[in-house]
Amino acid sequence: MKRVEIEQRCEALVQPILDVHEFELWDVEYVKEGANYYLRVYADKPGGITIDDCVTISRALEAKLDAEDFIEEAYILEVSSPGLGRPLKRERDFARSLGSSVEVKLYKPINQQKEFTGILKSYTDDMVVLESEETELELKRSDIALIRLAFDF
C-alpha cells in the first residue's frame with residue numbers, strides 16, 4: 001500500500017475520533033526515518049492540545065488501526081500538536097492563517113533570496129500573496145518548498 005493511501009485511510013479513521021472531542025485534524029503523515037516507519041497524527045484545538053488529549057486520540061486510533069490492520073510494515077504511532085511553526089499544506093490551513101505572519105522558503109531564489117517573511121494576504125491554488133514592509137510579493141505555489149506560521153521569541 002502506498003504512503004498516500006495509508007495517510008488517507010488513517011485520516012478517515014481518526015476524523016470521527018477528533019469530531020467527538022471537538023479536535024481539529026492538522027495533518028497525517030506516514031514516513032520512514034532510518035529503520036523505522038512512523039504514522040504521525042497532528043491535531044489541535046482552541047487553546048492548544050494537551051498530552052492527555054493526545055493519549056485519548058492515540059488509544060482510540062490504535063484500536064481502529066489494529067482492527068483494520070492495513071499497514072504491512074511495523075510502525076510507531078505518534079499523536080501530537082502540529083507545533084508553533086506548523087506548515088500550511090491544505091486549503092483550510094491557508095484560510096485559517098490569513099492575516100497571520102508566515103515564513104516562506106523557495107526552491108529557487110528570487111533576486112538572490114530564498115526565504116521571505118510576511119503577512120499572508122491572500123492565496124489561490126496557484127499563488128500566495130505576502131505583505132511585508134509596505135510591499136506585496138506574489139509567489140507561485142509551485143515555487144514554494146515550505147510555508148509555515150512564523151513565530152517570534
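**Note on the predicted model**

1. Setting aside neighbours within four places in sequence, Ile76 is in contact with Asn36, Tyr37, Tyr38 and Leu39 (contact means heavy atoms within 4.5 Å). Ile76 belongs to strand E3; helices (H or I, at least four residues) and strands (E, at least two) are DSSP runs, numbered from the N terminus. Between the C-alpha atoms of Ile76 and Asn36 the distance is 7.5 Å, although the two are 40 residues apart in sequence. With a relative accessible area of 35%, Ile76 is partly exposed. The cut-offs are under 20% relative accessible area for buried and over 50% for exposed, with partly exposed in between (1.4 Å probe, protein chains only).

2. The model is predicted, so local features need pLDDT of at least 70 and side-chain atom pairs count only at pLDDT 80 or more, while totals for chains, interfaces and linings use all residues. Residues are numbered from 1 along each chain as its sequence is written, and side-chain values use heavy atoms, with hydrogens and water left out.

3. How confident is the prediction? The mean pLDDT of the chain is 92, and 99% of its residues reach 70 or more; pLDDT is the predictor's confidence in each residue, from 0 to 100. Confidence is lowest in helix H3 (residues 91-97), with a mean of 87, and highest in H2, at 97. Where pLDDT is low, the predicted coordinates should not be read in detail.

4. The overall architecture comprises three helices and eight strands. Read from the N terminus, the order of elements is α-β-β-α-β-α-β-β-β-β-β. The C-alpha trace spans about 55 × 35 × 30 Å along its principal axes. Of the 153 residues in the chain, 35% are buried. Among contacts between residues at least 6 apart in sequence, 53% join residues at least 24 apart.

5. Helix H2 (residues 51-68) contains 18 residues and reaches 25 Å from its first C-alpha to its last, close to the 26 Å expected at 1.5 Å a residue; the expected span is 1.5 Å times one less than the number of residues. Which residues of H2 are buried? They are Asp53, Cys54, Ile57, Ser58, Leu61 and Leu65. Seen down the helix axis, these residues fall within an arc of 125°, so they line one face of H2 (the arc is that of the directions from the helix axis to the C-beta atoms). An α-helix has 3.6 residues a turn, so residues three or four places apart point the same way. On the other side of H2, the exposed residues are Asp52, Arg59, Asp66 and Ala67.

6. What do the buried residues of H2 pack against? Their partners are helix H1 (3-21), strand E2 (36-44) and strand E3 (75-80). After H2 comes Asp69, with a positive phi near 50°.

7. Strand E1 (residues 24-33) pairs with E2 in the antiparallel sense over nine bridges; two strands pair if DSSP finds at least two bridges between them. Val31 stands opposite Tyr38 in E2. The two strands form a hairpin with two residues between them, and Gly34 in the turn has a positive phi of about 65°.

8. Two further positive phi values deserve attention. Most residues other than glycine have a negative phi, and most peptide bonds are trans. Glu22, in the loop between H1 and E1, has a phi near 60°, which is positive in a residue other than glycine. Asn111 is likewise not a glycine, yet its phi is positive, about 50°; Asn111 is found in the loop between strand E4 (101-110) and strand E5 (113-123). Glu22 is exposed, with a relative accessible area of 66%, and Asn111 is exposed, with 74%.

9. Apart from residues up to four places away in sequence, Asp44 touches Phe23, Glu24, Ile49, Pro82 and Arg86.

10. Arg148 lies in strand E8 (residues 144-149) and is partly exposed, with a relative accessible area of 24%. Residues up to four places away in sequence again being left out, Arg148 touches several others, including Gly85, Arg86, Pro87 and Leu88. The C-alpha atoms of Arg148 and Leu120 are separated by 10 Å, the two residues being 28 apart along the chain.
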